[in-house]
Amino acid sequence: MNTIYILWLRQVKKYFRSKSRIIGSLGQPLLFLVAFGFGFGSIYQKAGQGNYIQFLAPGVILMSVLFTAMFSGIDIIWDRQFGFLKETLVAPVSRMEIILGKTLGGATVAVFQGIIVFLLTLVVGFRPQHIMAIFPAFIFTFLVAILFTSLGTAIASTLEDMQGFQLIMNFLIMPIVFLSGAFFPLSNLPKPIEFITKINPLTYGIDGLRGALIGVSNFGLTTDLLILSVVTLALLGIGSYLFSKIQI
Amino acid sequence: MEKVANIISVKNLTKKFKDFTAVDNISFNVKKGEIFAFLGPNGAGKSTTIKILTTLLDPTDGKIIINGSSPIVDKDSVRHSFGIVFQDASLDDDLTALENMYFHGVLYKIPKTIREKRIKELLEFVELWEKRNDFVKTFSGGMKRRLEIARGLLHHPKILFLDEPTLGLDPQTRKHTWDYIKNINKKENMTVFFTTHYMEEAEKIAQRIAIIDHGKIVAQGTNKELQEKTKTNTLEEAFLSLTGSEIRDEEVKTIDKMRQRRMMHH
């Protein structure tokens with residue numbers, strides 16, 4: 001239990017100490033909200049879909065959560081390069097505890113980032129359907145945060161340095177973000193694109209969050225919750241397995 | 001000899017990286033409570049051996065028993081038995097000195113009262129107590145080294161691995177450090193396995209010494225035995241007579257080649 005706590009604490013402390021990282025990572029969601037929100041707003045409205053900011057806000061919140069979560073997971077590569085990873089690897093604690101602590105820490109940080117972006121969306125005009133919507137919204141945000149921290153951890157466990165990172169960014173992270181229904185509705189898509197959105201776990205996070213915040217959902221909150229939970233558990237398992245296989 | 005309990009037992013250990021053999025069929029034993037020095041030129045295979053003994057790397061071949069368990073099969077129980085000071089950095093630069101110590105203490109499940117007492121004692125010992133709330137990234141190389149040592153001594157393990165622990169330290173700190181380690185060794189019968197380039201350190205402190213070169217153990221025994229064997233008067237002379245300077249150049253070249261290949265692969 002203490003192991004999980006200390007690893008969680010390390011992630012959280014490091015995040016709150018890097019003020020520039022926090023502020024810097026707000027630029028992108030803000031740009032998306034302003035450029036997309038206001039840029040596509042009138043077209044979206046003319047197509048008879050209603051207010052685009054309402055649609056877009058949950059997507060931008062989770063995009064930001066995903067980035068923070070992935071980076072938290074991937075920082076194992078930095079730990080490896082700066083040597084600190086050895087300190088954790090030789091410690092007499094189970095790999096599962098290490099992964100859980102690190103993942104919970106990364107997820108906490110990502111949820112916090114999500115909350116800041118949520119406040120930003122309020123500024124540009126987003127309005128959740130009800131104040132109580134915050135609670136289910138929190139659950140979906142947290143699940144997405146854990147899921148993508150685990151994914152980052154799993155990937156980072158197999159990489160020796162930052163060289164492969166660009167590859168992951170362009171061929172995994174960006175497609176996950178753009179093909180998730182974060183920016184456009186999932187109805188009437190070409191079959192291959194529809195297939196990709198269906199196997200993308202972020203799709204269900206965004207659908208769930210949208211359901212919670214504005215009451216619009218494709219798959220239903222129970223399905224979203226179930227799929228997210230199963231994928232998260234699987235990735236946690238894979239992450240700790242790959243982590244336990246690290247050789248230095 | 002065989003009746004004394006060996007806390008480390010290594011038989012026919014080999015480690016290959018592709019076509020490069022870093023450790024080549026070595027065997028040795030370390031007795032419980034013994035201070036054992038593992039010497040060799042750069043790139044001889046010292047650090048690779050330590051990594052294998054401490055579960056960080058799986059060997060290609062061989063049998064190892066650390067405190068009754070195998071570091072290949074039963075990593076977890078081996079991890080419970082040792083502490084290590086690494087050759088290169090293993091601190092978190094973004095945390096303070098105190099936080100690095102605290103992290104280690106919690107990870108090794110040291111009871112709170114002992115933990116706090118020892119952290120203060122050790123940070124004072126390495127003269128970093130005044131700087132305990134400074135971030136490690138602001139520390140000089142020597143300060144980081146001292147902190148690594150303090151952290152490695154925080155939990156008193158059954159076996160302490162030290163990979164060139166005193167590299168870059170001034171003679172005063174080196175002496176202090178070894179006095180401290182010898183004291184725990186005596187009081188708690190802690191086994192010490194260390195590598196060093198300072199021959200006089202090995203001469204003074206180690207009860208037994210193994211010399212490794214080209215991944216092979218070329219000699220092992222007490223300081224006296226090594227000198228008798230090579231008909232020399234100091235450990236340094238014995239070491240040079242066993243390893244020689246020309247051989248060492250060749251060795252470095254092989255390592256360089258391997259490094260270049262690695263760079264190309266990534």
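This is a predicted model: local features need pLDDT of at least 70, side-chain atom pairs count only at pLDDT 80 or more; totals for chains, interfaces and linings use all residues.

1. Asn12(B) is partly exposed, because 13 other C-beta atoms lie within 10 Å, and a count between 12 and 20 falls in that class. The residue belongs to strand β1 of chain B.

2. With strand β2 (residues 20-31) of chain B, strand β1 (residues 6-17) of chain B pairs in the antiparallel sense over 8 bridges. Within this pairing, Lys15(B) stands opposite Val23(B) of β2(B). The two strands form a hairpin with 2 residues between them, and Lys18(B) in the turn has a positive phi of about 50°.

3. The other partner is strand β4 (residues 61-66) of chain B, which pairs with β1(B) in the antiparallel sense over 5 bridges. Here Ser9(B) has Ile65(B) in β4(B) as its bridge partner.

4. Strand β8 (residues 208-213) and strand β9 (residues 216-221) of chain B pair in the antiparallel sense over 5 bridges. Ile211(B) stands opposite Ala219(B) in β9(B). There are 2 residues between the strands of this hairpin, in which His214(B) takes a positive phi near 55°.

5. Lys231(B) is found in the loop between α8 (223-230) and α9 (235-243) of chain B. How many other C-beta atoms lie within 10 Å of Lys231(B), and is the residue buried or exposed? The number is 9, so Lys231(B) is exposed.

6. Chain B as a whole can be described as follows. Its secondary structure comes to 10 helices and 9 strands. The C-alpha atoms fill a box of roughly 50 × 50 × 40 Å along the principal axes. A compact globule of 266 residues would have a radius of gyration near 18 Å, and chain B, with 19 Å, agrees with this. Of the 266 residues of chain B, 43% count as buried. Among its contacts between residues at least 6 apart in sequence, 68% join residues at least 24 apart.

7. The division of chain B into domains should be noted. Domain 1 comprises 1-75 + 160-167 + 191-266, and domain 2 comprises 82-156. Their contact takes 9 residues from domain 1 of chain B and 7 residues from domain 2 of chain B. On the side of domain 1 that touches domain 2, strand β6 (residues 159-163) of chain B supplies the largest share, 4 residues. That side of domain 1 divides into 5 nonpolar, 2 polar and 2 charged residues.

8. The two chains also meet. In this contact, 23 residues of chain B touch 21 residues of chain A. Helices α2 (75-79) and α3 (97-107) of chain B each supply at least two residues of the side of chain B that touches chain A. Of the elements involved, α3(B) gives the most, with 3 residues. By class, this side of chain B has 10 nonpolar, 5 polar and 8 charged residues.

9. In chain A, helix α3 (residues 52-74) deserves a separate remark. It has 23 residues and reaches 33 Å from its first C-alpha to its last, close to the 33 Å expected at 1.5 Å a residue. Why is α3(A) largely enclosed by the rest of the structure? The reason is that 22 of its 23 residues are buried.

10. Met70(A) is placed in helix α3 of chain A. Met70(A) counts as buried because it has 24 C-beta neighbours inside 10 Å. Leaving aside its neighbours within four places in sequence, Met70(A) is in contact with Phe148(A), Leu151(A), Gly152(A) and Ile173(A). Met70(A) and Ala156(A) are 86 residues apart in sequence and 9.6 Å apart in space, C-alpha to C-alpha.

11. Helix α8 (residues 165-178) of chain A has 14 residues and reaches 18 Å from its first C-alpha to its last, close to the 20 Å expected at 1.5 Å a residue. In α8(A), Ile173(A), Ile176(A) and Val177(A) are buried. What covers the buried residues of α8(A) includes α3 and α10 (201-214) of chain A.

Methods:
Residues are numbered from 1 along each chain as its sequence is written. Chains are lettered from A and ligands numbered from 1 in the order in which they are written. The expected span of a helix is 1.5 Å times one less than its number of residues. Two strands pair if DSSP finds at least two bridges between them. Two residues are in contact if their C-beta atoms, placed from the backbone, lie within 7 Å. Ala, Val, Leu, Ile, Met, Phe, Trp, Tyr, Cys and Pro count as nonpolar, Asp, Glu, Lys and Arg as charged, and the others, Gly among them, as polar. Domain bounds come from an automatic or database domain assignment. The radius of gyration is taken over C-alpha atoms; the globule rule is 2.2 Å times the number of residues to the power 0.38.
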